[in-house]
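Hi,

Here is the model I said I'd pass on. Have a look at it first, and my notes come after.

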Number of protein chains: 2
Amino acid sequence: MSTLNKQFKLTARPVGNAKRSDFEYLETTIPTATDGEVLVKTLYISLDPAMRGWMNEGKSYIKPVALGEVMRAGTLGEVIASHTPKFKVGQHVVGNWGVQGYAVIGAGNGIDTLYAVDAKLAPLPKYMSLLGMPGMTGYFGLLDVGLPKAGETVVVSGAAGAVGQVVGQVAKIKGCRVVGIAGGRDKCDFVVNELGFDACVDYKSGDLRASLKEAAPKGVDVYFDNVGGDILDVVLGQIRMKARIVICGAISQYNNTTPVKGPANYLSLLVNRARMEGIVVFDWAPRYGEAMREMGGWLATGKLKGREDIVEGIETFPETLNKLFTGENFGKLLIKA
Amino acid sequence: MSTLNKQFKLTARPVGNAKRSDFEYLETTIPTATDGEVLVKTLYISLDPAMRGWMNEGKSYIKPVALGEVMRAGTLGEVIASHTPKFKVGQHVVGNWGVQGYAVIGAGNGIDTLYAVDAKLAPLPKYMSLLGMPGMTGYFGLLDVGLPKAGETVVVSGAAGAVGQVVGQVAKIKGCRVVGIAGGRDKCDFVVNELGFDACVDYKSGDLRASLKEAAPKGVDVYFDNVGGDILDVVLGQIRMKARIVICGAISQYNNTTPVKGPANYLSLLVNRARMEGIVVFDWAPRYGEAMREMGGWLATGKLKGREDIVEGIETFPETLNKLFTGENFGKLLIKA
């Protein structure tokens, strides 16, 4: 066991990509838990596109990370000391204690949102992907807002990403034709051959408009958008009547130093009496259990698969995070502490 | 009675504003009705922003006006000859026979969509405004898609326009706080003092962002958008959680020779779990009667008012149409034939 607590604190508001110089890297002594608290040792840190937004000042769906604060992140770890009957030493727990190797968690900083997971039911990284926030996002966003019906065409961007994998597979389970949009042949092959999507369009090669038309010849009923930008516009140009567009994210725009590119084709919503709606996964928190049970079942029977991209070492954090924005990651991106 | 039929035929696809040179103006002989047909004399022609879109080639919610065809428009007239039991000479009828002084209407060109109206129940121009397409658009778009609840804040752009007048007054009847956005002090005064809106922001003077914040201090629950462009972006920046944005039109963009300006603030939909949805009034055709009855009642009891801007002479058509896009019209724009 390392005798030091590796931490990244946010020290500057990034302009464009987050850089190593926007953080302070510290190695401090491991803190001590007292009454009502647990000490957890980090095993995995979740890296998500939303983290870039949390670094910005200003109103959003969650308050920004304060300067000087440990960078916020979803985490999975092991309880190594406990002074509360809620958790036992040796238990695995999921929480949000951020980019650090150890944390003391009590009443003031999230013990209420900490929950135990069982390594015997699923490999631990699955609790940060299919059975974690990305899984919840894809499951509820698709089913509750996308409202896919059997036989409809569902398109998802960031198809090989943590959320995209779930969206596509759940849509297949619901009887839809599923078309992924991803960057590069490898990712496209993966979602078709491994995850069972019907088709996948590589936005990095050829004419996206023409390729999408070929892959979704009847047009798009549901579009689950993780990327924004030009891809959103191309899909808007190919929606069907009464289409539903789920705005989950816009990874192409998060590092902009210029204004966000709004969808020039938004009047396609009018022509097609279509709807565009934004989602934030936290709204379904009271129903996470329902999704965990259903997706856990699909995982156990092999109906639902997933791929994680696991990088070793907390000290790699700034560079590893940026893999999300360059598209270098392949699957749900995690740091193994 | 004029012995000639004044007509405007579309002869070119306009670039930017529609110009007189995009049309051919004809004075032809008045046609003759035969079996199953009626001859109508035009009394009023409805001028609507959507007409600009109908002049463009390409897929939309309705097929474009063909080159060489009489320009499509909503119309109200008097039956002056009838060879069908469906209509009697002297009856007033509403239809879509376009920018011309007379038309013969039969099975092939719209007799099924012609309907009689009663000049004793409401002044004829009301059948092209409150009780016509603009009224139906405002009524169903607001109530069925905007879903306003008493106490919520409803904002409508183009507030003094044909649709905006209805949206604001219906929202008031439903117990909402109503804020208009209009161009110029006169229009703002009108919607507040005559129509009973709670406030109105003049987008041509001062800082729209600051003025809207003052007029809608709790934020915007429902936004009914007739204009698009920068105004849509400003409102998106001030929506509340679970806001509904009704996309009815985008008059600021219809004469663009550059690409449409997409709403750069669309990620506000995500932050606020809000929805943006497009509408086309024809979808409610089976329910027009329901709205006519309810709005007719409000009109009769003075709960619903409206203002028309009536210009004399079919021959003024191209210039009169452009008043919509410069904002020179004040109220529902009609030509009196």
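Predicted model: local features only at pLDDT ≥ 70, side-chain atom pairs only at ≥ 80, totals over all residues.

Residues are numbered from 1 along each chain as its sequence is written, with chains lettered from A and ligands numbered from 1 in the order in which they are written.

Where the chains meet, 25 residues of chain A are in contact with 25 of chain B (C-beta atoms, placed from the backbone, within 7 Å). S13(A) gives the largest share of chain A's side, four residues. S13(A) also pairs with strand S13 (residues 275-278) of chain B, antiparallel over three bridges (DSSP needs at least two bridges for a pair; strands are DSSP E runs of at least two residues and helices H or I runs of at least four, numbered from the N terminus). There, A:Met276 has B:Met276 as its bridge partner.

As for helix H4 (residues 185-194) of chain B, its buried residues are B:Lys187, B:Cys188, B:Phe190 and B:Val191 (buried means 20 or more other C-beta atoms within 10 Å of a residue's own, exposed 12 or fewer, partly exposed in between, with C-beta atoms placed from the backbone). They pack against helix H3 (162-173), strand S9 (177-182) and strand S10 (199-202) of chain B. The face turned away from that buried side carries the exposed B:Arg185, B:Asp186 and B:Asn193. Just after H4(B), B:Gly196 has a positive phi of about 85 degrees.

Cheers

Terms used. Contact = placed C-beta atoms within 7 Å.
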